Amino acid sequence: STYFHWMENIQPWCISRQLWWGHQIPAWYGPDGETFVAESEADARAAAEKHYGAPTDLVRDLHLGGVILMGDNVPTGPNGLAALRDVTRRLQEADARGYPLVVSVDQEGGPVARVGLPATEFPPGMAHGAADDVRTSRQVTAASGTELAALGFTMVYAPVADVTTVTDPTIGVRSPGESMESTSATENTNSAVPSSLSDVAP
């Protein structure tokens, strides 16, 4: 009885028990190395917002017209998408105005995807150029845009309009290819995105 009570009632501060029995220590780290120990990710996020100040404060206090979510601003994990939708909702509600806040993301596909799993993994621009099929590219663009709009985004920095070369170490697979024709064909898929989502070619 004592043993099971000891094992089933571990608290966030029971570091020695967790290390001994191999339990995961419920600790999250801020961008500056600050540690937040809590029973759940939601509790840790609340503690982090109390420590750093909620991102909604900046929108309200500075009357920002837009924000971009990336890196540590994008929730992850099994409940990441629900948490992300909550973030975009709270941002929109932060400052009463007669027009929507621009909530943007750089979701180009392939290696440049700020919103990860369980969101759909879409191919990068070069896959569109290689396929050389505008209809397929339009379908992919529409699917990605619909997903982002459902998450509360109002702008996406894609598709990429850069023309690349074989020796280009920077743009790489983000571009549809080496020719202006392949790039412009991909750019013509922009009209496939939902009307609630603006697309801006980086």
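Accessible areas here come from the Shrake-Rupley method with a 1.4 Å probe; for residues, only the protein chains shown count as cover.

**Whole protein**

Start with everything shown. This is a predicted model, in which local features need pLDDT of at least 70, side-chain atom pairs count only at pLDDT 80 or more, and totals for chains, interfaces and linings use all residues. Residues are numbered from 1 along each chain as its sequence is written, and side-chain values use heavy atoms, with hydrogens and water left out.

The protein exposes about 11900 Å². Carbon and sulfur atoms supply 57% of that area. Of the 202 residues, 34% are buried (under 20% relative accessible area; exposed means over 50%, and partly exposed lies in between, with a 1.4 Å probe and protein chains only).

**Colour by confidence**

Now colour by pLDDT, the predictor's confidence in each residue, from 0 to 100. The protein's mean is 75, and 73% of its residues reach 70 or more. Select residues 15–21: helix H2 has the lowest mean pLDDT of the elements, 53. Where pLDDT is low, the predicted coordinates should not be read in detail. Then select residues 102–105. Strand E4 has the highest mean, 91.

**Helix H5**

Select residues 80–93. Helix H5 has 14 residues and reaches 20 Å from its first C-alpha to its last. That is close to the 20 Å expected at 1.5 Å a residue, where the expected span is 1.5 Å times one less than the number of residues.

Which residues of H5 are buried? Pick Gly80, Leu84, Val87, Thr88 and Leu91. They cover an arc of only 90° around the axis, so they sit on the same side of H5. The arc is that of the directions from the helix axis to the C-beta atoms. Ala82 and Glu93 are exposed, on the face turned away from the buried side.

The buried residues of H5 pack against helix H4, strand E3 and E4, in contact (heavy atoms within 4.5 Å).

**Thr88**

Zoom in on Thr88 in helix H5. Its relative accessibility is 0%, so Thr88 counts as buried. Its side chain reaches the backbone oxygen of Leu151 at 2.7 Å. Not counting residues up to four places away in sequence, Thr88 touches Leu69, Val103, Leu151 and Gly152.

**Last stop: Pro118**

Select Leu117 and Pro118. A cis peptide bond joins them, with omega about 10°. Most peptide bonds are trans. Pro118 is in the loop between strand E6 (112–113) and helix H6 (125–131).

Terms used: Helices (H or I, at least four residues) and strands (E, at least two) are DSSP runs, numbered from the N terminus. A polar contact is a pair of N or O atoms within 3.5 Å; within protein, one must be able to donate a hydrogen and the other to accept it, and residues adjacent in sequence count only if both atoms are side-chain atoms.
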